[in-house]
Amino acid sequence: MTMRILVVSHTYIVKLNCEKLRTLASLQPGIEVTVVVPQRWRPGGVQNKTIESQPWQDGSFRVVPVRNFSQNNQGMLTFGVDLLHLLREFRPHILQVEQGAKSLAYAQTITLNQMLGLNAKNVFFTWWNLPYRLKPPVSWLESYNLSHTHGLIAGNQDGADILRERGYMSDAIVMPQLGVDETLFRPESQPESQPDLAKKLGIQPDEFVIGFVGRFVEEKGLLTLWSALRELGDRPWKCLLLGRGSLKQQLMDEAQKMGIGDRLIWVESVPHDDVPRYINLMSVLVLPSETSDRFKTLTSVGWKEQFGHVLIEAMACRVPVVGSDSGEIPHVIQEAGLIFPEGDAATLGDRLMLLMNQPTYAQELASRGYKRAMDDYTNRALAKKCLSFYDSLLATAD
């Protein structure tokens, strides 16, 4: 079987992010995957350094930088005439753009698909999981994109539901954009396998380690976690926090007032390859995210957890996870961890106490999480799910 897949996204400028698609190209003979990335991109905004993308290839997988317009706005990103030449030469069966429903790049590829008579299936990916309203001309752009879409890949269930409410009628699946690398995020006995790191961080063998990995910002629910830690009393525990953010000083001040400042371990700027070492020191990883329209992040409409990638990284390390019910978290964890109502510090404290008091149950949850990560969230598992979705789209006549 021959299947040519062309994917367009700024995400794949980072080589590490390409593993799912590189794996897809290797699943069976005849699959070719070409990834189009912007030739120049400024991640994080106009003040940041411009990245110059480089072409590379591994068998039937390749990354092709293409001249682009807009170097820092995902929705406004479009490409030069090189994209037309590439489409004419490659003639994909699947044409996937991962810039959202209102993307100009997606409208561009839809139009070129029609102009060149490629008859490719139009697919797009989105993370957006909050209701929204649009005015012309953006509403017209989204309507054009949705009406010409054959398949939707949503990073979360809310994203798929919202687009159904906005009139999208075609096929859809829910899966994250990126998988977990099980060769990097893998189980280690804790913390005996890393005595030097544990000693460096001041972690004793009998201490229960509550972990958090992410941004120190209000919407991540760290103030709720602080209130939950107060409930643990004098038991031997530490809280290991990897990340950085604007809330750090407030968190440190609150911890001092609560008398738990000496139980907190702050770690910044950990290379990605080293993150598993720290996760493997944790007795539990907590993601206490909170949904709120008060948190002005990407837009004025609010914020809700889109996925929580650190959950599947911890699960792959066979570390039990506890998460709030914000956004996609309950769908990610399911029966493989513990859920608590967002903002409910008392229930979060109860969940942590349960795991502290019942280590056998904690190990059972860790095993469930590991199995779920291996079955559903490795790059290979996601690649297989993509291929199955593409097969179903190609089997459907226009």
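**Figure 1. R4 stands opposite E32 in strand β2.** The view is taken from a predicted model, in which local features need pLDDT of at least 70 and side-chain atom pairs count only at pLDDT 80 or more, while totals for chains, interfaces and linings use all residues. Residues are numbered from 1 along each chain as its sequence is written, and side-chain values use heavy atoms, with hydrogens and water left out. Helices (H or I, at least four residues) and strands (E, at least two) are DSSP runs, numbered from the N terminus.

**Figure 2. An open sheet is built from 8 strands with mixed pairing.** Read across the sheet, the strands follow the order β5-β6-β2-β1-β9-β10-β11-β12. The edges are held by β5 (56–58) and β12 (171–174), each of which has a single partner strand, so one side of each is left without a neighbour in the sheet. From one strand to the next, the twist averages 20°. Helix α2 (residues 81–90) lies across β1, β2, β6 (61–66) and β9 (94–97), and runs at about 155° to β6. Axes here are lines fitted to C-alpha atoms, for helices over the stretch in contact, and angles run from 0 to 180 degrees between N-to-C directions.

**Figure 3. Helix α3 meets helix α4 in a left-handed crossing.** The axes of α3 (residues 104–115) and α4 (residues 138–147) come within 10 Å and cross at roughly 50°. That angle makes α3 oblique to α4, because angles under 35 degrees count as roughly parallel, over 145 as roughly antiparallel, 65 to 115 as roughly perpendicular and the rest as oblique. A crossing is called left-handed if the near helix is turned anticlockwise from the far one by less than a right angle, and right-handed if clockwise. On the α3 side, L104, Y106, A107, I110, T111 and Q114 meet L141, Y144 and N145 of α4, where contact means heavy atoms within 4.5 Å. The residues of this contact divide into 6 nonpolar, 3 polar and no charged; Ala, Val, Leu, Ile, Met, Phe, Trp, Tyr, Cys and Pro count as nonpolar, Asp, Glu, Lys and Arg as charged, and the others, Gly among them, as polar.

Figure 4. Most residues other than glycine have a negative phi, and most peptide bonds are trans. S70, in the loop between β7 (68–69) and β8 (78–79), is not a glycine, yet its phi is near 70°, a positive value. With a relative accessible area of 26%, S70 is partly exposed. N119, in the loop between α3 and β10, is likewise not a glycine and has a positive phi of about 60°; at 62% relative accessibility, N119 counts as exposed. In the loop between β10 (121–126) and α4, where P137 is placed, a cis peptide bond joins P136 and P137, with omega about 5°.

**Figure 5. K135 lies in the loop between β10 and α4.** K135 is exposed, with a relative accessible area of 68%. From K135 to V310 there are 175 residues in sequence and 35 Å in space, C-alpha to C-alpha.

**Figure 6. An open sheet of 6 strands has parallel pairing.** The order of its strands is β15-β14-β13-β16-β17-β18. At the edges stand β15 (264–267) and β18 (338–340), each with a single partner strand, so one side of each is left without a neighbour in the sheet. On average, and with direction ignored, neighbouring strands of this sheet are turned by 20° against each other. Strand β13 (residues 208–215) is joined by 2 bridges to strand β16 (residues 284–287), and these strands run parallel; I210 stands opposite V284 in β16. Helix α12 (residues 345–357) lies across β13, β14 (237–244), β16, β17 (321–324) and β18, running at about 160° to β18.

**Figure 7. Helices α13 and α14 pack at an angle of about 40°.** The axes of α13 (residues 359–377) and α14 (residues 379–394) are 5 Å apart, and the two helices are therefore oblique to each other. M374, D375, D376 and Y377 of α13 make the contact with N379, A381 and L382 of α14. By class, this contact has 4 nonpolar, 1 polar and 2 charged residues.

Terms used
Buried < 20%, exposed > 50% of the residue type's maximum accessible area, 1.4 Å probe, protein only. Pairing = 2+ DSSP bridges.
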